[in-house]
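Please find my notes on the model below.

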Amino acid sequence: MAIQKFSADQLFDGYRFWDDQFVLITTGEGVVIDIVNKIDAGEEVKVFKGILTPGFINCHCHLELSHMKEKINEKPGLISFISQVMSNRHSPENEILRAIEIAEEEMKENGIVAIGDICNTTLTFSQKSKSEIFYHNFIEVTGFEPEQAGIRFNIAKEIYYSFENIYSGFEGNVKTGKNSIVPHAPYSVSPALWEEIVYFPGNLLLTFHNQEAKAENELFLEKKGEFLQLYKQFNIDSAHFNSSGKSSLQTYLQKFLPNQQIIVVHNVHTSDDDIFFAMQSPDMPWLYWCLCPNANLYVGGLLPNVESLIREDCTIVLGTDSLASNHQLSILAEMRTLRQHFPGIKNELLLKWATINGARALKMDHVLGSFEKGKKPGIVWCDENLTDSKRIA
């Protein structure tokens, strides 16, 4: 059996660092055999400066929006950003498909091996069907008016079953993917539609955009703010909506089932009280808190309270969002931005968010996320300052 041997100044296994006295051994195809002491590794070890880590996991992306790169100016605010995406997402299909192909290649070169991808259409279908990247496809549904719940959900099911035809799970280490139907956000999904989503059979891994703007909490606390203007702009009837007197997260989190796993994304205006509520309340689903710092800065110029999330021992993962809201699709760039704004965060913690935590969030940790025997997580080199990376296996 052909084997490969890798060593570096630091070897990150998904959980912790090993020093340069240890060697990662894999098969020729990249399946992990072991990590051994250098004196037991023998010859022909490939030695690298910097860090070797498992491949990165991108827990939140909108690959189908890749053609919108640099079409929206920075810091428009979330309401304007949503309006511009809704108004301008349509382009010639050949342009969209080419942009999808280029964006996926960028992620592959940046060491991303798995993606939680938001899908409103089947436009990414052909690229994913031939891709080496692992995907969980989150079929996103919106519909704020209750009477449209059935129609909107049926459209989402059609897209879901299109993906299910070829993308329906894992067989050993062979990727075939997985799919869910998910809500866009509390401000865009009616209670009737939310219920359809939550109780859809097998829908055990869900995600939604959470508290990306102050206006979201204003809507749920007092039924005021910019979302009311957005509804009016797109002729959406909001007369049925009644504020709960609580934040959006505290209003909607209890609607999920205890056996469901949830990735809450962005969390820019998530308060300490919201975090405490989510972490301390009984019968809550398991939460992963996805940070997309470069997109947050691009859209609104603000970042989540990362220090509070760390202090409350929240399980954090990373995402890039889309090229409509980011200059690149790189998990390394997201880690670098977090460290610039929160210099106390150590590389070990950032890399854990980018690898094993992400793999667990997407339910892919039996294949990806760590250098454990039998896994094929990919191997990525990055420098110690997190300024450059390259997939090497």
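1. Helices (H or I, at least four residues) and strands (E, at least two) are DSSP runs, numbered from the N terminus. This is a predicted model: local features need pLDDT of at least 70, side-chain atom pairs count only at pLDDT 80 or more, and totals for chains, interfaces and linings use all residues. Residues are numbered from 1 along each chain as its sequence is written, and side-chain values use heavy atoms, with hydrogens and water left out.

2. The lining of the largest pocket takes its largest share, five residues, from α1. At least two residues each come from α1 (78-88), β8 (134-141), α4 (149-164) and α7 (226-233). In total 32 residues line this pocket, and Met86, Asn120, Glu140, Thr142 and His184 lie nearest its centre. (On a 1 Å grid over the protein atoms alone, a pocket is an open set of points where a 1.4 Å probe fits, with protein on both sides within 12 Å along at least five of seven lines; lining residues have an atom within 4 Å of a point.)

3. An open sheet is formed by four strands, ordered β12-β13-β14-β15, with parallel pairing. Its edge strands, β12 (205-210) and β15 (316-318), each pair on one side only. Two strands pair if DSSP finds at least two bridges between them; β14 (residues 286-291) and β15 have three, in the parallel sense. Tryptophan 289 is opposite isoleucine 316 of β15.

4. Met335 touches Phe56, Leu318, Leu350, Leu351, Ala354 and Leu386 (heavy atoms within 4.5 Å), leaving aside residues up to four places away in sequence.
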